[in-house]
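The sequence and the structure come next, and the discussion follows them.

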Amino acid sequence: MTKNILVIGGTRYIGRLLVQRLLRAGHRVTVATRGYAPDPFGERIARVRVDRRNETAMRNAFAHAGPFDVVYDQMCYNPLDAAIAVRTFAGRVGRYVMASTIDAYRVLGYEHGRPLTESGLAIEAQTIDTGYPWHDPCRATECYVAGKVQAEAYLVRDGSLPLVVPRLAHVLGGPEDFTGRLAHYVELARLNGVLEYANPDAALSFLPLQGAADFLVWVGMQQFTGAVNAACDGALSAARLFERVGAVLDMPVRTRRAAAGAAPGRLSPFDVPGPMVLDTARAQALGYRFGHCDEWIDDTIQLHDLAFV
């Protein structure tokens with residue numbers, strides 16, 4: 001069935017692939033962005049140019065648009081954004097998909113020692129601070145985790161949007177990956193650098209770029225609500241990922257455990273104090289299969305290596 005779909009933030013990375021897949025499936029797609037980045041979709045989509053963080057602009061932009069069967073909000077980063085979404089779309093959307101992240105579980109610490117389940121994060125109990133300067137660009141990195149958690153909490157407590165929250169594992173793409181995280185390891189290997197790590201057993205869950213877009217499309221077409229984890233099997237620590245890079249590049253790599261007191265998370269992009277592995281039992285019970293990192297990660301590393309060369 002053809003659906004009328006809005007994607008907030010659909011011109012790069014996961015959002016761009018998401019729009020491509022929705023169009024391929026025959027849906028009517030509107031993309032809302034600030035209009036700074038070009039897109040390849042031509043006349044196949046409708047466009048709304050709007051600042052996602054300006055409530056007046058959002059409400060004016062969508063006053064006569066919709067209703068939408070699905071809204072994919074790729075740009076909801078904090079409770080202020082969530083409040084804008086509620087006041088813009090409540091009663092006018094069949095399904096609201098807020099893209100979240102494995103990093104939301106960081107608020108639980110690193111001592112759990114078990115795969116992370118959706119219910120393990122009591123999102124409705126999280127503190128919400130609407131007085132914090134969430135939209136200050138200088139604080140974007142430091143407040144990312146807290147912002148995502150509080151955005152989820154706001155939407156759950158408000159309850160006026162039919163909410164589903166995909167919590168995506170760390171997404172790895174090719175050279176178009178603007179985060180530069182996997183590129184860091186490829187470049188370090190090529191420069192014969194030494195990777196320092198905090199904990200060899202601190203494995204993380206990963207997901208390929210294409211798989212993230214596929215999962216979001218699937219989520220939008222379902223009926224369930226609430227949080228749902230998305231990750232491939234085959235979690236890797238920072239040290240194991242670097243060793244995998246070395247194997248793919250067919251070159252020796254050097255690792256060294258950092259001295260006690262070194263700050264995990266600052267040694268390299270995926271270095272953490274303890275494991276953060278997503279339990280995907282809920283998604284699997286609902287009918288989705290993710291596959292294993294072995295099926296795609298080597299190819300992704302090779303793409304970064306080609307770009308480095």
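## Nonpolar cores

Which residues of the largest nonpolar core touch the most other members? In this predicted model, that core holds 70 residues, and those touching the most other members are Tyr 72, Phe 206 and Phe 215. Helix 6, which spans residues 209–221, contributes eight residues, the most given to this core.

For Phe 215, once the neighbours within four places in sequence are set aside, the contacts are with Pro 166, Leu 168, Val 228, Asn 229, Ala 230, Ala 283, Tyr 288 and Phe 290. Another core lies apart from the largest one and comprises 26 residues, including Ala 32, Val 48, Val 71 and Met 98.

## The largest pocket

The largest pocket has a volume of about 1700 Å³, and of the 50 residues that line it, Arg 12, Gln 74, Tyr 77, Tyr 144 and Phe 178 are the closest to its centre. Sorted by class, this lining consists of 24 nonpolar, 14 polar and 12 charged residues.

Several elements each supply at least two residues of the lining of the largest pocket, namely helix 1 (13–24), helix 4 (144–158), strand 2 (28–33), strand 6 (100–101) and strand 8 (170–172).

## The second largest pocket

A volume of about 180 Å³ is found for the second largest pocket, whose lining is made by Leu 172, Gly 173, Gly 174, Glu 176, Pro 208, Leu 209, Gln 210, Gly 211, Trp 296, Asp 299, Thr 300 and Leu 303. Helix 6 and helix 9 (297–308) are the elements that give two or more residues to this lining, which divides into five nonpolar, five polar and two charged residues.

Is helix 3 mostly covered or mostly uncovered? Helix 3, formed by residues 79–89, is mostly covered, with nine of its 11 residues buried; these are Pro 79, Asp 81, Ala 82, Ala 83, Ile 84, Ala 85, Val 86, Thr 88 and Phe 89. The cover over the buried residues of helix 3 includes helix 2 (55–61) and helix 4, together with strand 1 (4–8), strand 4 (70–73) and strand 5 (96–98).

Just after the helix, Gly 91 adopts a positive phi of about 80°.

Key:
Residues are numbered from 1 along each chain as its sequence is written. This is a predicted model: local features need pLDDT of at least 70, side-chain atom pairs count only at pLDDT 80 or more; totals for chains, interfaces and linings use all residues. Side-chain values use heavy atoms; hydrogens and water are left out. A nonpolar core is a set of buried Ala, Val, Leu, Ile, Met, Phe, Trp, Tyr and Cys residues joined through side-chain atoms within 4.5 Å. Buried means under 20% relative accessible area, exposed over 50%, partly exposed in between (1.4 Å probe, protein chains only). Helices (H or I, at least four residues) and strands (E, at least two) are DSSP runs, numbered from the N terminus. Contact means heavy atoms within 4.5 Å. On a 1 Å grid over the protein atoms alone, a cavity is a set of points where a 1.4 Å probe fits but cannot get out, and a pocket is an open set with protein on both sides within 12 Å along at least five of seven lines; lining residues have an atom within 4 Å of a point. Grid points are joined across faces, edges and corners, and a volume is the space filled by probe spheres set on the points. Ala, Val, Leu, Ile, Met, Phe, Trp, Tyr, Cys and Pro count as nonpolar, Asp, Glu, Lys and Arg as charged, and the others, Gly among them, as polar.
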